[in-house]
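Subject: Handover of a structure

Dear colleague,

Please find the structure below, followed by an account of what was found in it.

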Amino acid sequence: MWSRLTDAAGDLALYLGVGALLGVAGSWLLARLVKRRTRGLEPHEFATLADHREALLHSIREGIIAVDPANRVTMANDGALDLLGLDGRVVGQQIDDLDLPPQVAAVLTAGDDSQDVVLLVGERVVVFNQRSASSRGEGIGTVTTMRDRTDLVSMQSQLSSNLSITDTLRAQTHEFANQLHTISGLVQPASTTRSPSSSAA
């Protein structure tokens, strides 16, 4: 047995060396592939990046919702959930499965670029802007931003009402000035015709 082991030691060392060499080469190639796919980020950097991304998206006042080509929600921040009246369990769901008005669902699933689409969502006036998203030339869906313009529309209505009142007051002032000018024109000739007689007396 010992003689057989000593005779096979050279072949065994060769096989182990080749296996180790192949393992090292495979690990090196795999590490390079992973680094290329992850853009050189380390695992702890992934966690930091994800935390920063979540904090940034949820701190934005405007609503942001991302939809993939299969019309599934891939991301939605707090602003979008509040404006659309949804709960926090929307990621991964189909747009058609969400309780959304038909016109809102049509905008979110349109898949093309659109700007300043004004829709009524509940009692809110919401402006939608949608852009196509791509990564390395491949389409990955759309990103839609939402802004609440209810207060702005209310202010515009109040401003229009104030402007209407101002125009009415300006017209009345103009009419009053015309009447005063007419009265002044009627009174002035009488005073001029009366002055010579008074001087002769």
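Is R147 buried, partly exposed or exposed? R147 is partly exposed, because its relative accessible area is 23%, where buried means under 20%, exposed over 50% and partly exposed in between (1.4 Å probe, protein chains only).

This is a predicted model, in which local features need pLDDT of at least 70, side-chain atom pairs count only at pLDDT 80 or more, and totals for chains, interfaces and linings use all residues. Residues are numbered from 1 along each chain as its sequence is written, and side-chain values use heavy atoms, with hydrogens and water left out.

Salt bridges

The whole structure holds 4 salt bridges (a side-chain nitrogen of Lys or Arg within 4 Å of a carboxyl oxygen of Asp or Glu). R147 forms one of them with D116, with 3.6 Å between the closest N and O atoms. This pair links distant parts of the chain, as R147 lies in strand β5 and D116 in strand β3 (residues 114-121), 31 residues apart. Helices (H or I, at least four residues) and strands (E, at least two) are DSSP runs, numbered from the N terminus.

D82 and R124 also form a salt bridge, their closest N and O atoms being 3.3 Å apart. Here too distant parts of the chain are linked: D82 is in helix α3 (residues 78-84) and R124 in strand β4 (residues 124-135), 42 residues apart. R124 counts as partly exposed because its relative accessible area is 27%. A further salt bridge joins the side chains of D68 and R72 (3.2 Å, N to O). D68 counts as buried at 13% relative accessibility, whereas R72 is partly exposed at 36%.

Strand β1

Strand β1 (residues 63-67) is largely enclosed by the rest of the structure, because 5 of its 5 residues are buried. G63, I65 and V67 point one way from β1, while I64 and A66 point the other way. β1 pairs with strand β5 (residues 138-148) in the antiparallel sense over 5 bridges; pairing requires that DSSP finds at least two bridges between two strands. Within this pairing, G63 stands opposite M146. β1 also pairs with strand β2 (residues 73-76), again in the antiparallel sense, over 3 bridges, and A66 has M75 as its bridge partner there. The hairpin of β1 and β2 has 5 residues between the strands, and N71 takes a positive phi near 65° in this hairpin.

Helix α1

Y15 belongs to helix α1 (residues 2-37) and counts as exposed because its relative accessibility is 59%. R37 is also found in helix α1 and is exposed, at 62% relative accessibility.

Yours sincerely
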